[in-house]
Structures are given as C-alpha cells and as structure tokens.
Amino acid sequence: MSSELEVIARLGRRLAPPPPGEVWIGDDTAVLVPPAGGWQLLAADAVVEGVHADLAVLTVADLGWRAVVANVSDVAAMGGIPAHCVVTVAGRRGLDIDTLYDGVVGAAVAYGCPVVGGDLVSSPVTVVTVAVTGTVDGSPVLRSGARPGDTVWVTGPLGASAAGLRQLRAGGADPALAAAHTRPRPLLAEGTAARRAGATAMIDVSDGFAADLWHVAEASGVGFELEQVPVAPGATPEEALGGGEDYQLVFTAPDDGRVRAAFAGLPAPVRIGRCSGATGKGTLAGAPLPHLGWQHNC
Ligand SMILES: [Mg+2]
C-alpha cells in the first residue's frame with residue numbers, strides 16, 4: 001500500500017461530505033449529531049480473508065460489500081436502521097484498496113450508512129472490520145423475548161448463499177445464487193416491519209438458520225416446533241438449515257394478523273412453526289433439529 005495518509009485522502013474524496021457542523025473523515029474522531037429520542041444501536045463485525053471470505057470466488061469489492069452488509073443486517077435484526085459506519089482495513093501486501101472501497105462505498109450508499117472514519121493498516125492476511133451505528137424509533141427487538149405460543153417466521157427462502165458458494169467453487173453458478181453469496185442484501189424494511197408487527201424476538205441468519213434459531217431459543221428460554229423451512233431454489237435442505245450469510249430474518253410474534261398487515265407491500269414472510277415451553281427442545285417436522293451452522297472458534 002502507498003502511504004496511509006495519501007490513500008486515506010484519496011478514499012476520503014470518494015465518500016459523501018458530512019452535513020454542516022459534523023466532521024467525518026480526517027480528524028481524530030468523527031463528530032456526529034446524536035440521534036433524537038429512541039435508542040442508539042452499535043455493532044461491529046470482521047470479515048477475514050480465507051475464513052469468512054474465499055477470494056477464489058469473491059472479488060475484493062465483494063469483500064468490502066459483505067463487510068458492510070454483515071453489520072447493516074445486524075441493525076436490521078434489531079428492527080433498526082443504520083446511521084454511520086467506520087471501516088478498518090488490515091490489508092495484505094498488494095491489496096487493491098480502491099477496489100475494496102468500491103464495495104464498501106457501494107453498500108454504504110445503498111443502505112444509508114456513510115463511512116465516517118476508520119483505519120488502514122498492513123497485515124499478513126486481509127481483515128475488513130466494520131462498526132456501524134443505528135437507530136430504532138421504539139423498542140429494539142432482542143433475541144430474548146420469544147414466548148411459548150408465539151409463531152416463528154422467516155422473511156424468505158434459505159440456503160441461497162451456501163448454494164451460490166458451492167456453485168461458484170464448481171466453476172459455474174446460477175446468477176441469482178451467485179449474487180446471494182457475493183452481494184447479499186440486508187433486509188432493513190423487513191426488520192422494521194417485523195418490529196412494527198410486535199415481533200418478540202429476532203435474529204438475522206448469519207451463522208446458519210438452525211444455529212441462529214437456537215440462539216433465539218436459548219436467549220428466550222423456549223423450545224420450538226417447526227413444520228417447514230423454505231429452501232431457496234437450487235439449494236439443498238442442508239444448505240437451508242446450515243448455510244450461513246443468508247441474511248434472512250427469523251422472528252417470533254404473537255399475532256399472525258399483525259405480521260401479515262405489517263408486511264403489506266413487502267415479500268410475504270413465511271410462517272414456519274411455533275415456540276413451545278419445552279426449553280432446549282427444537283423439532284422440524286417432528287424430528288430433532290440439529291445444531292448445524294457456523295461455529296465460532298473463540
Ligand atoms: Mg446478527
């Protein structure tokens with residue numbers, strides 16, 4: 001990489017200018033007007049080359065896009081909307097930082113969370129760390145609020161990202177599945193709709209559907225009985241249950257009518273089952289649901 005200051009200056013020129021009074025790139029910290037009312041959300045997530053991102057099938061621009069989207073999706077899963085992000089790139093020698101920023105800026109513009117700061121360092125392996133702030137006007141939807149009797153919903157079919165990765169590695173992919181892997185979309189409108197529908201718990205499918213639903217069950221102290229899980233066309237049932245990074249939202253709610261009304265104008269969510277009082281027990285079509293999904297090694 002060329003001199004850090006030179007690169008930061010070049011990248012800074014590509015970013016949106018701050019509103020009057022605020023300071024974004026270029027000082028010790030960004031200076032922001034605090035949000036009025038509601039709650040402030042703050043999250044961070046790192047994408048590590050070779051661990052979360054296979055650069056044999058992803059471009060470095062995809063890597064930047066995905067690092068921002070992983071964070072925006074976490075905000076969506078609280079029922080919030082993103083506000084700002086800071087981006088730290090630990091880049092290996094020869095990393096094309098400008099191309100990486102094509103993806104970062106693309107996602108930041110698409111999802112309304114301008115890059116207001118960050119850092120640039122050298123590293124033996126590329127790691128893109130993004131922190132995002134968000135706001136929620138009302139109560140954020142936690143993982144811990146599901147109650148026995150609530151119905152369980154998912155915003156769309158699962159497994160597309162894992163199927164896209166499998167097909168890309170095999171050398172040819174269906175464009176929609178490839179895009180699900182390389183350019184996932186966070187479901188902000190759906191997250192807000194679920195919150196307005198009175199969702200009691202919510203999570204985004206990042207580790208894998210089964211793993212993420214178990215996170216909700218454990219946090220809420222409930223079990224669940226699922227009738228079905230919608231599988232994306234071209235994906236296998238195992239990819240739907242265990243493949244990560246779909247960024248669909250899984251939520252629980254006490255009132256089906258409110259869910260359907262809140263999602264008017266959006267793709268209809270799929271009701272997949274019900275929460276039970278059998279803490280720690282989860283079934284799909286009567287069989288135990290395996291703990292499939294990404295396991296964090298830390
Ligand atoms: Mg999440």
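How many Å apart do the C-alpha centres of domain 1 and domain 2 lie? The answer is 26 Å. This is a predicted model. Its protein chain is divided into domain 1, residues 4-136, and domain 2, residues 151-288.

**Where the two domains touch**

- Domain 1 puts 15 residues into the contact, and domain 2 puts in 19 residues.
- Helix H2, residues 60-76, gives the most to the side of domain 1 that touches domain 2. Its share is nine residues.
- That side of domain 1 has ten nonpolar residues, two polar residues and three charged residues.

**The largest nonpolar core**

- The largest nonpolar core holds 89 residues.
- Seven of them touch the most other members: Val68, Val104, Ala108, Met202, Phe209, Val250 and Phe251.
- H2 supplies the largest share of this core, with eleven residues.
- Both domains take part: the core draws at least three residues from each of domain 1 and domain 2.
- Ala108 touches Val68, Cys85, Cys113, Pro114 and Val115, when residues up to four places away in sequence are not counted.

**Helices H4 and H5**

- Two packed helices are described by the angle between their axes and the distance between the axes.
- For H4 (residues 160-170) and H5 (residues 175-182), the angle is about 105° and the axes are 7 Å apart.
- Angles of 65 to 115 degrees count as roughly perpendicular, so H4 and H5 are roughly perpendicular to each other.
- On the H4 side, the contact is made by Ala160, Ser161, Ala163, Gly164, Leu165, Gln167 and Leu168. On the H5 side, it is made by Leu177, Ala178, Ala180 and His181.
- By class, this contact has seven nonpolar residues, four polar residues and no charged residues.
- Which residues of H5 are buried? They are Leu177, Ala180, His181 and Thr182.
- The buried residues of H5 pack against H2 and H4.

**Two residues with a positive phi**

- Most residues other than glycine have a negative phi.
- Glu245 has a positive phi of about 60°, although it is not a glycine. Glu245 lies in the loop between helix H8 (237-242) and strand S8 (249-253).
- Is Glu245 buried or exposed? Glu245 has 24 other C-beta atoms within 10 Å, so it is buried. The cut-off for buried is 20 or more.
- Ala285 also is not a glycine, and its phi is positive at about 50°. Ala285 sits in the loop between strand S10 (282-284) and strand S11 (287-288).
- Ala285 has 11 other C-beta atoms within 10 Å, so it is exposed. The cut-off for exposed is 12 or fewer.

**Val205, a buried loop residue**

- Val205 is placed in the loop between strand S6 (201-204) and helix H7 (209-220).
- Val205 is buried because 29 other C-beta atoms lie within 10 Å.
- Val205 and Gly243 are 38 residues apart in sequence. In space, they are 8.8 Å apart, C-alpha to C-alpha.
- With neighbours within four places in sequence left aside, Val205 is in contact with Leu158, Asp212, Asp246, Tyr247, Gln248 and Val250.

**Gly138, between S4 and S5**

- Where is Gly138? Gly138 is in the loop between strand S4 (127-136) and strand S5 (151-154).
- Gly138 has 13 other C-beta atoms within 10 Å, so it is partly exposed.
- Gly138 and Arg195 are 57 residues apart in sequence and 8.7 Å apart in space, C-alpha to C-alpha.
- Leaving aside neighbours within four places in sequence, Gly138 is in contact with Gly38 and Arg195.

**Val270, in strand S9**

- Val270 belongs to strand S9, residues 270-276.
- The count for Val270 is 16 other C-beta atoms within 10 Å, so Val270 is partly exposed.
- Along the chain, Val270 and Pro230 are 40 residues apart. Their C-alpha atoms are separated by 7.7 Å.
- Val270 is in contact with Trp153, Val154 and Pro230, leaving aside neighbours within four places in sequence.

Terms used. Residues are numbered from 1 along each chain as its sequence is written. This is a predicted model: local features need pLDDT of at least 70, side-chain atom pairs count only at pLDDT 80 or more; totals for chains, interfaces and linings use all residues. Domain bounds come from an automatic or database domain assignment. Two residues are in contact if their C-beta atoms, placed from the backbone, lie within 7 Å. Helices (H or I, at least four residues) and strands (E, at least two) are DSSP runs, numbered from the N terminus. Ala, Val, Leu, Ile, Met, Phe, Trp, Tyr, Cys and Pro count as nonpolar, Asp, Glu, Lys and Arg as charged, and the others, Gly among them, as polar. A nonpolar core is a set of buried Ala, Val, Leu, Ile, Met, Phe, Trp, Tyr and Cys residues joined through C-beta atoms within 7 Å. Axes are lines fitted to C-alpha atoms, for helices over the stretch in contact, and angles run from 0 to 180 degrees between N-to-C directions. Angles under 35 degrees count as roughly parallel, over 145 as roughly antiparallel, 65 to 115 as roughly perpendicular and the rest as oblique.
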